[in-house]
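Morning, everyone. Please look at the sequence and the structure on the screen, and I will walk you through a few places in it.

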Amino acid sequence: MKPITIGLTGGIGSGKSTAAKILAELGAPAIDADKVGHEIYQPGAPAYRELIDAFGEGILAADRTIDRRKLGPIVFADPAALKRLNAIVHPKMFARMGEMVAAMRRSGEARPIVIEAAILIEANWQPLFDEIWLVSASREQVVARVERDRGLKPEQTEARIRTQLSDDERRKYATTVIRNDGTLEELRAAVTRLWRDALARAA
């Protein structure tokens, strides 16, 4: 089989995480970039010491773990601090995900491996992937979905959308666009079809 690594991405309210769950239900071996990010913050992990050096002991909790609730206000109030954080964390996440994919291949995993990553393009992780699948939805659908699922008011969702890469930008890097303006069943059907096609390409 030809080893294929798929990056699954999309903005807030696009349905990316729902698509990832459907792929997992279909048996896709999956990696969640968010979990990898949490892992590299742990004591002894690659980013731990650098983050303390960059942002000070004030970001630590009583148990010496990095408290993201303390780090968050520092970096989101200051674009330069956020850039510094990303410069430390993103390359280490990239390296760790590459190691995880390699380990899965060594253990005999031949199916396409899916990595769910909201910031895939912003973090310049494209070299890790053979294919990039973008989950996309209309602005109206996104606003309604986020209000229903997370309780955010439309203006709060709009503010978050403005801080993200636009779908037009994301499409420049996507090999496949999954439109998610319909029902859950329609999304499931589209993702199922794409997964079966990916298995056929890997064969």
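**Around S136**

Leaving out residues up to four places away in sequence, S136 touches S14, D167, R171, V177, I178, R179 and N180. Contact here means heavy atoms within 4.5 Å. Before going on, a word on the source: this is a predicted model, where local features need pLDDT of at least 70, side-chain atom pairs count only at pLDDT 80 or more, and totals for chains, interfaces and linings use all residues. Residues are numbered from 1 along each chain as its sequence is written, and side-chain values use heavy atoms, with hydrogens and water left out.

Back to S136. It sits in strand 4. Helices (H or I, at least four residues) and strands (E, at least two) are DSSP runs, numbered from the N terminus. Is S136 buried or exposed? S136 is buried, because its relative accessible area is 0%. The cut-offs: buried is under 20% relative accessible area, exposed is over 50%, and partly exposed is in between, with a 1.4 Å probe and protein chains only.

The side chains of S136 and R171 are joined by a polar contact of 3.4 Å. A polar contact is a pair of N or O atoms within 3.5 Å; within protein, one must be able to donate a hydrogen and the other to accept it, and residues adjacent in sequence count only if both atoms are side-chain atoms. For scale, S136 and F94 are 42 residues apart along the chain, and their C-alpha atoms are separated by 24 Å.

**Two pockets**

Next, empty space. Rolling a probe the size of a water molecule over the atoms shows where such space is left. The grid is 1 Å, over the protein atoms alone; a pocket is an open set of points where a 1.4 Å probe fits, with protein on both sides within 12 Å along at least five of seven lines, and lining residues have an atom within 4 Å of a point. Points are joined across faces, edges and corners, and a volume is the space filled by probe spheres set on the points.

The largest pocket holds about 1700 Å³. Its lining has 49 residues, and D34, A118, I119, R150 and Q164 lie nearest the centre. Which helix gives the most to this lining? Helix 6 does, with seven residues. Helix 6 spans 139-150, and other helices supplying at least two lining residues include helix 2 (33-40), helix 5 (79-106) and helix 9 (184-202). By type, the lining of the largest pocket divides into 19 nonpolar, 18 polar and 12 charged residues. Nonpolar means Ala, Val, Leu, Ile, Met, Phe, Trp, Tyr, Cys and Pro; charged means Asp, Glu, Lys and Arg; the others, Gly among them, are polar.

The second largest pocket holds about 280 Å³. It is lined by 19 residues, with A137, R139, I161, D167 and R170 closest to the centre. Strand 4, helix 6, helix 7 and helix 8 (167-171) each give two or more residues to that lining. Helix 8 gives the most, with four.

**Helix 2**

D32 caps the N-terminal end of helix 2, with a side-chain oxygen 2.9 Å from the backbone nitrogen of D34.

**Two positive phi values**

Last stop, the backbone. Most residues other than glycine have a negative phi. R64 is not a glycine, yet its phi is positive, about 75°. R64 lies in the loop between helix 3 and helix 4, and is partly exposed at 41% relative accessibility. N124 also has a positive phi, near 60°, in a residue other than glycine. N124 is in the loop between strand 3 and strand 4, and is exposed, with a relative accessible area of 54%.
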